[in-house]
Amino acid sequence: MQSSNPALAKLSETPATSAYGDPGWYQPGAGGGTATYPGVVTSARTGVMTVDGVIGRTLALMAMLTLAAAAAWIWVPDRLTGPAVFGSAIAALIVGLIVSFRQSTSPVLIGAYALLEGAALGMISEWFNRVYPGIAAQAVAATIGIFFVMLILYRFRVIRATPRFTKGLMGALIAAVVLMLGNWVLALFGINTGLREAGTIGIIFSLAMIVIGALTFILDFDVVEQGVRNGLPARYGWFAAFGIILGLVWVYLEVLRLLSYLRGRD
């Protein structure tokens with residue numbers, strides 16, 4: 001199953017390995033010992049990707065991102081916020097693209113992304129919170145809530161990552177990106193579509209972006225589950241955690257934007 005998340009899209013395509021670097025977890029008759037079968041966890045699976053490992057790495061990246069955000073929020077002076085946001089956001093984009101296209105599992109590189117993205121989010125959140133007091137905490141709470149709701153829906157198979165679901169979501173993502181790029185180009189020529197403003201169109205579009213972003217978690221959970229089932233090397237836990245962080249950042253920014261629209265209409 002392919003994921004819409006660029007960081008996890010090819011994760012399930014990586015060949016599974018045993019603890020000794022051979023294909024498969026532990027093939028019957030390949031070296032003696034008791035044969036094991038898919039779904040049975042044994043000591044032969046040491047050194048492979050696990051759900052607990054992905055969770056731990058995700059929490060570590062979240063801690064780094066949060067600390068960077070708090071530091072930027074507190075210490076970056078207002079007069080430097082604009083250039084600092086631009087610089088950290090561009091740097092995070094570059095590092096994120098490198099990690100995504102190279103499928104890097106380097107904790108140093110992925111950690112650098114978390115720190116850079118966290119700094120940008122901290123300054124953006126501080127600006128929004130200054131205009132709309134308390135909005136950052138509301139956005140964080142909403143993002144966490146969305147993540148766990150999607151996790152529960154996936155866990156109990158209320159929503160399943162079927163081929164039809166994946167194809168439809170990919171189409172929606174492509175349409176959303178085209179609309180946002182088109183809106184940005186039109187804005188350069190002074191044409192206002194209202195797509196990113198506090199009006200009815202802007203609110204509907206932001207809601208759609210949040211729904212799409214939330215649904216991508218279903219695909220990401222599915223790919224992580226497949227990676228664990230296929231016995232990918234443990235280092236891919238960093239890559240999986242990086243992909244989940246990308247989704248969380250996207251949903252958070254969209255929720256923050258939507259809340260600013262709603263608060264601005266009060």
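A salt bridge here is a side-chain nitrogen of Lys or Arg within 4 Å of a carboxyl oxygen of Asp or Glu. Searching the whole structure on that basis turns up five salt bridges. One of them joins the side chains of Asp-78 and Arg-130, at 3.5 Å from N to O. Asp-78 sits in the loop between H1 and H2 while Arg-130 belongs to helix H3, so this pair ties together parts that are 52 residues apart in sequence.

Some ground rules before going on. This is a predicted model, where local features need pLDDT of at least 70 and side-chain atom pairs count only at pLDDT 80 or more, though totals for chains, interfaces and linings use all residues. Residues are numbered from 1 along each chain as its sequence is written, and side-chain values use heavy atoms, with hydrogens and water left out. Helices are DSSP runs (H or I, at least four residues), numbered from the N terminus.

Now look at how H1 packs. H1 and H3 meet at an angle of about 45°, with their axes 7 Å apart (axes are lines fitted to C-alpha atoms over the stretch in contact, and angles run from 0 to 180 degrees between N-to-C directions). H1 passes H3 in a right-handed crossing, meaning that the near helix is turned clockwise from the far one by less than a right angle. The contact of H1 with H3 has 13 nonpolar, five polar and two charged residues; Ala, Val, Leu, Ile, Met, Phe, Trp, Tyr, Cys and Pro count as nonpolar, Asp, Glu, Lys and Arg as charged, and the others, Gly among them, as polar.

H1 also packs on H7, at an angle of about 50° with the axes 8 Å apart. These two helices are therefore oblique to each other, and their crossing is right-handed.

On to the pockets. A pocket is an open set of points on a 1 Å grid where a 1.4 Å probe fits, with protein on both sides within 12 Å along at least five of seven lines; lining residues have an atom within 4 Å of a point. The largest pocket has a volume of about 1,800 Å³, volume being the space filled by probe spheres set on the points. Its lining has 39 residues, with Leu-93, Met-180, Trp-250, Leu-253 and Glu-254 nearest the centre. H2, H3, H5, H6 and H7 each give two or more residues to that lining, and the largest share, eleven residues, comes from H7.

The second largest pocket holds about 1,100 Å³ of space. Thr-58, Met-62, Phe-147, Ile-244 and Leu-248 lie nearest its centre, among 34 lining residues. Here the largest share of the lining, eleven residues, comes from H1.

Definitions and conventions: Parallel < 35°, antiparallel > 145°, perpendicular 65-115°, else oblique.
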